[in-house]
Amino acid sequence: MAVQTIDRASGAQRAHKAKAGAIAKAKALAPSLAARIGSTPATKYRGDPNIFGRLVEDHDRHRALLAMIEQTQGDSADRRALFKELVREVKAHAAAEEQALWSSVLREPKTTDFARHAVAEHKELDDMLADLAARDMASSGWLRRFAEMKDEYLHHIREEEQEQFVAAEKTLTTADLKYMRGVFSRRKKQEKGRREGGEKTQAQGQGLSAEAPGFKCVPHLMDQSRVASTPAKTL
Ligand SMILES: [Fe+2]
Ligand SMILES: [Fe+2]
């Protein structure tokens, strides 16, 4: 009993530390803005050493970026920098999550629908981010559209944490989960680097400001040719 109490306490500490670390990463971009994400939907994965803990860490970072952007005004340097980071973060996260997790989960009949649902929402979010990036940040409609995207994204990550990860975990081994974390981290790093390089090239070629929030659409697993080319259960 005493051991269980200690385990629970250290689990709560790990979760608290993971959440605080994720928020601090977002806040580093605009230290003068508060990153109040408040209470988050309950999940057993926060602070876990496997793929799900790593994904929740990103989700908390994204929650903080969303909360900070809502505090910005008009076409300001803070809004531009934070939105650019949000786009790069969310798109790299989605691409890496699809490769590391959903491509395998999709092939397990018991969890195919969960994976399809998560990947379909990535496409919807992709479209909402592209729409926002094309709009004038100083216009009255930008923050309203942003609020809609924020609600959609918070819904998406809550469902992942409370439903889809729970279902996926039942079909995966501990070794799978550990391996997937490595795949996720490598792919996310590559995606972020690629996007940064692409933005620099685009800014140089088109005379755009390096602050411009432009980004390229990434192919998603909804593209069935990519699903077919992804090796089945590479674990
Ligand atoms: Fe996702
Ligand atoms: Fe996610």
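Me: Why is Ala 175 called exposed?
Reply: A residue is buried if 20 or more other C-beta atoms lie within 10 Å of its own, exposed if 12 or fewer, and partly exposed in between, with C-beta atoms placed from the backbone. Ala 175 has 9 C-beta neighbours inside 10 Å, so Ala 175 counts as exposed. Ala 175 lies in helix H6, residues 174-206. Its C-alpha is 9.2 Å from that of Asn 50, although 125 residues separate Ala 175 and Asn 50 in sequence.

Me: What kind of model is this, and how are its residues numbered?
Reply: This is a predicted model, in which local features need pLDDT of at least 70 and side-chain atom pairs count only at pLDDT 80 or more, while totals for chains, interfaces and linings use all residues. Residues are numbered from 1 along each chain as its sequence is written, and chains are lettered from A and ligands numbered from 1 in the order in which they are written.

Me: What makes up the secondary structure of the protein chain?
Reply: There are 7 helices and 0 strands. Helices (H or I, at least four residues) and strands (E, at least two) are DSSP runs, numbered from the N terminus. The pattern along the sequence is α-α-α-α-α-α-α. Of the 235 residues in the protein chain, 36% are buried.

Me: Why is Ala 35 called buried?
Reply: Ala 35 has 23 other C-beta atoms within 10 Å, so Ala 35 is buried. Its place is in the loop between helix H1 (2-27) and H2. Two residues are in contact if their C-beta atoms, placed from the backbone, lie within 7 Å. Leaving aside neighbours within four places in sequence, Ala 35 is in contact with Ile 23, Ala 26, Lys 27, Ala 64, Ala 67 and Met 68. The C-alpha atoms of Ala 35 and Gln 71 are 9.2 Å apart, with the two residues 36 apart in sequence.

Me: How do you know that the span of H2 agrees with its number of residues?
Reply: The expected span of a helix is 1.5 Å times one less than its number of residues. H2 has 21 residues and should span 30 Å; its end C-alpha atoms are 31 Å apart, which agrees.

Me: What makes H2 largely enclosed by the rest of the structure?
Reply: Burial does. In H2, 16 of the 21 residues are buried, so H2 is largely enclosed.

Me: Why are H2 and H3 called roughly antiparallel?
Reply: Axes are lines fitted to C-alpha atoms, for helices over the stretch in contact, and angles run from 0 to 180 degrees between N-to-C directions. The axes of H2 (residues 51-71) and H3 come within 10 Å and cross at roughly 160 degrees. That makes H2 roughly antiparallel to H3. The cut-offs are under 35 degrees for roughly parallel, over 145 for roughly antiparallel, 65 to 115 for roughly perpendicular, and oblique for the rest.

Me: Which way does H2 pass H3?
Reply: The crossing is left-handed. A crossing is left-handed if the near helix is turned anticlockwise from the far one by less than a right angle, and right-handed if clockwise. Residues making the contact include Leu 55, Leu 65 and Ile 69 of H2 and Leu 82, Leu 86 and Val 90 of H3.

Me: What classes of residue make the contact of H2 with H3?
Reply: They divide into 12 nonpolar, 2 polar and 6 charged. Ala, Val, Leu, Ile, Met, Phe, Trp, Tyr, Cys and Pro count as nonpolar, Asp, Glu, Lys and Arg as charged, and the others, Gly among them, as polar.

Me: How do you know that H2 and H5 are roughly antiparallel?
Reply: Their axes come within 11 Å and cross at roughly 165 degrees. H2 and H5 are therefore roughly antiparallel to each other. This crossing is left-handed.

Me: What makes H3 and H4 roughly antiparallel?
Reply: The axes of H3 and H4 cross at roughly 165 degrees and come within 11 Å. H3 and H4 are therefore roughly antiparallel. H3 passes H4 in a left-handed crossing.

Me: Why is Leu 129 called buried?
Reply: Leu 129 has 22 other C-beta atoms within 10 Å, so Leu 129 is buried. Leu 129 lies in helix H4. Beyond four places in sequence, Leu 129 touches Val 87, Val 90 and Met 149.
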